[in-house]
Amino acid sequence: MEAVIAIFALLFVLFVAVGVYATVKVVGAAKRGVDRTINQARRTVEDHTLRAKSFTQFGPAGEIAQLRLKLRTSMRATQEALQAGVAEDESLKESLALFARLSGHGRELDDELKRLESEPDRATLAERLPSLRERTERVTSSADSLRWAARDRARRFADDDLDTLHAQIDLEAGALRHWTTADDPAQASSSWPQAPAAGSATAGQTWPETETPSSRAAEPPARPAITPPGPRPTYPWQKKPRPESTT
């Protein structure tokens, strides 16, 4: 009885532990989903704000907003392209690692541009704009290069697969059209003879010549494949055969 109670207690504890683990996993997944949604909404709002600033503000402030918008758009598009392609092409893992290093520089540049948006000294801001523009161009060009290389690789694989599929379909189509025609000599020799016309001299139907016993008898006998051996010649150096003993 005590063993049964211990087993039931152990099963209860196990079920409770599994329930707690499942609850924690569900709560964690829900929290990650909420955080992802909040971050996406925040990025969308910030992108719209930057786009509005780039159109409404003039001078260094408007150009900084344009640089931030360009940087964020390029980095996000490259990240999505690489993450979508790495599931099908394992060789993109190295490209994804390089992009992770590039993202560090991109985040640092974006933070610096964000701080300069509220800079009251417009003269100093105008002096720093050329270097900021150059850094943004270097980061975005590297991101664009990775993104387009990944897309070109995926398109190349798709073209190769399409060429192989096209060749296989051509072979299959040729095999499906390969039927035996009615004018095949082997088929024509085994077909039934045609009946003569009504005005022909022969009243009966002609049949192809077949081999009969009489025709086989009239044929000359076939030569043997091997000529029968004749008497062997004797030579002086051969021993004479001994006479058979009479005893």
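I began with aspartate 110, which forms a salt bridge with arginine 68, the closest N and O atoms being 3.0 Å apart. I take a salt bridge as a side-chain nitrogen of Lys or Arg within 4 Å of a carboxyl oxygen of Asp or Glu. This pair links distant parts of the chain, with aspartate 110 in helix H3 (residues 92-116) and arginine 68 in helix H2 (residues 60-85), 42 residues apart. Helices here are DSSP runs (H or I, at least four residues), numbered from the N terminus.

A word on the source: this is a predicted model, where local features need pLDDT of at least 70 and side-chain atom pairs count only at pLDDT 80 or more, while totals for chains, interfaces and linings use all residues. Residues are numbered from 1 along each chain as its sequence is written, and side-chain values use heavy atoms, with hydrogens and water left out.

**Burial of the pair**

Are aspartate 110 and arginine 68 buried or exposed? Aspartate 110 is buried, with a relative accessible area of 11%, and arginine 68 is buried at 2%. My cut-offs: buried is under 20% relative accessible area, exposed is over 50%, and partly exposed lies in between (1.4 Å probe, protein chains only).

Arginine 68 lies in helix H2 and glutamate 117 in the loop between H3 and helix H4 (122-176), so the pair ties together parts that are 49 residues apart in sequence. Glutamate 117 is buried, like arginine 68.

I noted a network of salt bridges that links Arg68, Arg72, Asp110 and Glu117. In the whole structure I have twelve salt bridges.

Another of them joins arginine 128 to glutamate 112, with the closest N and O atoms 2.5 Å apart. Here arginine 128 is in helix H4 and glutamate 112 in helix H3, 16 residues apart. Arginine 128 is partly exposed at 36% relative accessibility, whereas glutamate 112 is buried at 12%.

**H2 against H3**

How do the axes of H2 and H3 cross? They come within 10 Å and cross at roughly 160°; axes are lines fitted to C-alpha atoms, for helices over the stretch in contact, with angles from 0 to 180 degrees between N-to-C directions. That makes H2 roughly antiparallel to H3, a label for angles over 145 degrees.

The contact (heavy atoms within 4.5 Å) includes Arg68 and Arg72 of H2 and Asp110 of H3. By class, the contact of H2 with H3 has twelve nonpolar, seven polar and four charged residues. I count Ala, Val, Leu, Ile, Met, Phe, Trp, Tyr, Cys and Pro as nonpolar, Asp, Glu, Lys and Arg as charged, and the others, Gly among them, as polar.

**Two last look-ups**

Leucine 67 is in helix H2 and is buried, with a relative accessible area of 8%. Leaving out residues up to four places away in sequence, leucine 67 touches Leu113, Leu129, Leu132, Arg133 and Thr136.

Arginine 51 sits in helix H1 (residues 2-56) and is partly exposed, with a relative accessible area of 35%. Arginine 51 and lysine 70 are 19 residues apart in sequence, and 9.8 Å apart in space, C-alpha to C-alpha.

Note on methods
Helix = DSSP H or I, 4+ residues; strand = E, 2+ residues; numbered from the N terminus. Parallel < 35°, antiparallel > 145°, perpendicular 65-115°, else oblique.
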